[in-house]
Amino acid sequence: MLDDLQSLLDFDQTHIWHPYTSLKDPLPVYPVRSAQGVRLTLETGEELIDGMSSWWAAIHGYSHPALVQALSSQAEKMSHVMFGGITHRPAVELAEKLVRMTPESLQYVFYSDSGSVSVEVAIKMAFQYWISQGKPERSSLLTVCGGYHGDTFQPMSVCDPVNGMHSVFSRVLPKHYFAPAPRPRFDEACTEDDLDALKAQIFSHHDHIAALILEPVVQGAGGMRFYSPDYLRRVRELCDENNILLIADEIATGFGRSGKLFACEHAGIEPDIMCVGKALTGGMMSMAATLANEKVARGISEGSLPVLMHGPTFMGNPLACSVANASLSLLEKTPWQKRVLAIEKQLREELAPCSFMPTVADVRALGAIGVVETHKAVDMARLQKFFVDKGVWIRPFGKLVYIMPPYIISPEDLSKLCAAVCEAVSDSRFFG
């Protein structure tokens, strides 16, 4: 039994793999004792203002009473039951909410237990759709560079092939088609020149492309880039013109993060398949969903193999469904959009001084996302300690120092996050 803090940390560093870290030379970790609202309390008693929403999921902050109550009440009734041959009220109620909140054409819901798996399901839906249409040769995907869709194998295969986190697996990943990352920024129009390379891929490989997959408007872990909604509109048109399914990965952007309930709304488009996760449960539980329209659902269900060939063990978990119901109800009852737009305004104003610093390449903000992109990669361990010493939790990666706070954050706490970022990027010691 580990009975002191140092023993706990020593065991952790010796035996536990953390995300994207080495066991030989692991990055330092900070032991959290509890989390409440927008604050993490370390085992040492220090409090940190959370600027990451636990990788963008905890939109209501931590330990929100409505979510805790939903979890507790459901646990007293039924924590889990197989979804094969059985249904339950939390799953049905959640599907009703998702169908109502997402784009109108998305009427069919498939549950899974993580965002990456929801992308696997979306890709499988697309492939099985074309098999059902008698066109099994349409077994490739088209995407854009700069994207990130998860760490399981099919999602890895459509992440950025050069600058992504998965290039080491290039020999074993499925091979798909890539177009350049969208060029026009969020507030710019999309020209035909911006689409030439994408159109060339469609023209060359049309007969083999099952679907085009991308993150709408916001490319997340692949670079934290915001691109033109006009580009996304033209992508939808190109997919329609060439009978290619469109998959929208809204795992990071869904449920208000970009300033719209779903980022597709910036462009006024509806995908054929949509993936949601992260904020679905307000960061309380791991859960995701893949939604499909009538074309995809009927296309699969009327095929030679009329069942979707997927079924996770914890699919439709009652605990996760109950918490997700509470989270989405809470979102609908609160002025989330007003809060998110206020966060965007404050991020723009308070991160702006960074744009004049020699270490900084770009500063941008959209919704509750603020990004400072630097010329050189940051020293992760050193910068992380600096932030903790400043009383904030910000997790940079590569050349990106960014903030994605809970929607409930106060202006005072957000100012502390922004000030810490500005101070950090002004110091050349934090860069390799």
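**Close-up views of the predicted model**

**Figure 1. Overall view of the protein and its surface.** The protein exposes about 18900 Å², of which carbon and sulfur atoms supply 56%. The model is predicted. Buried residues account for 54% of the 432 residues. The C-alpha trace spans about 60 × 55 × 45 Å along its principal axes. The radius of gyration is 22 Å, which agrees with the value near 22 Å for a compact globule, because the chain has 432 residues. The secondary structure comprises 13 helices and 16 strands. Of the contacts between residues at least 6 apart in sequence, 70% join residues at least 24 apart.

Figure 2. Strands of a sheet pair through backbone hydrogen bonds, in either a parallel or an antiparallel manner. The sheet has an antiparallel pair in strand 1 and strand 2 and a parallel pair in strand 3 and strand 15. The two pairs are shown separately in the next two views.

Figure 3. Strand 1 covers residues 32-36 and strand 2 covers residues 39-42; the two run antiparallel and are joined by four bridges. Within this pair, Ala35 of strand 1 stands opposite Leu40 in strand 2. Two residues lie between the strands of the hairpin. Gly37 takes a positive phi there, near 60°.

**Figure 4. The pairing of strand 3 with strand 15.** Strand 3, residues 47-50, runs parallel to strand 15 and is joined to it by two bridges. Ile49 has Val392 of strand 15 as its bridge partner.

Figure 5. Lys97 is found in helix 4, which covers residues 89-101. Is Lys97 buried or exposed? Its relative accessible area is 12%, so Lys97 counts as buried, the cut-off for this class being under 20%. Leaving aside residues up to four places away in sequence, Lys97 touches Asn325, Leu328 and Ser329. Asn325 is 228 residues from Lys97 in sequence, while the C-alpha to C-alpha distance between them is 7.6 Å.

**Figure 6. Ser63, a residue with positive phi in a loop.** Ser63 is not a glycine, yet its phi is positive, at about 55°. The loop that holds Ser63 lies between helix 2 (53-56) and helix 3 (65-77). Ser63 has a relative accessible area of 30% and is therefore partly exposed; this class lies between the limits of 20% and 50%.

**Figure 7. Phe255, a residue with positive phi in a loop.** Where does Phe255 lie? Phe255 is in the loop between strand 10 (245-249) and strand 11 (273-276). Phe255 is not a glycine but has a positive phi of about 70°. The relative accessibility of Phe255 is 1%, so this residue counts as buried.

Definitions and conventions:
Residues are numbered from 1 along each chain as its sequence is written. This is a predicted model: local features need pLDDT of at least 70, side-chain atom pairs count only at pLDDT 80 or more; totals for chains, interfaces and linings use all residues. Side-chain values use heavy atoms; hydrogens and water are left out. Two strands pair if DSSP finds at least two bridges between them. The radius of gyration is taken over C-alpha atoms; the globule rule is 2.2 Å times the number of residues to the power 0.38. Buried means under 20% relative accessible area, exposed over 50%, partly exposed in between (1.4 Å probe, protein chains only). Contact means heavy atoms within 4.5 Å. Accessible areas come from the Shrake-Rupley method with a 1.4 Å probe; for residues, only the protein chains shown count as cover.
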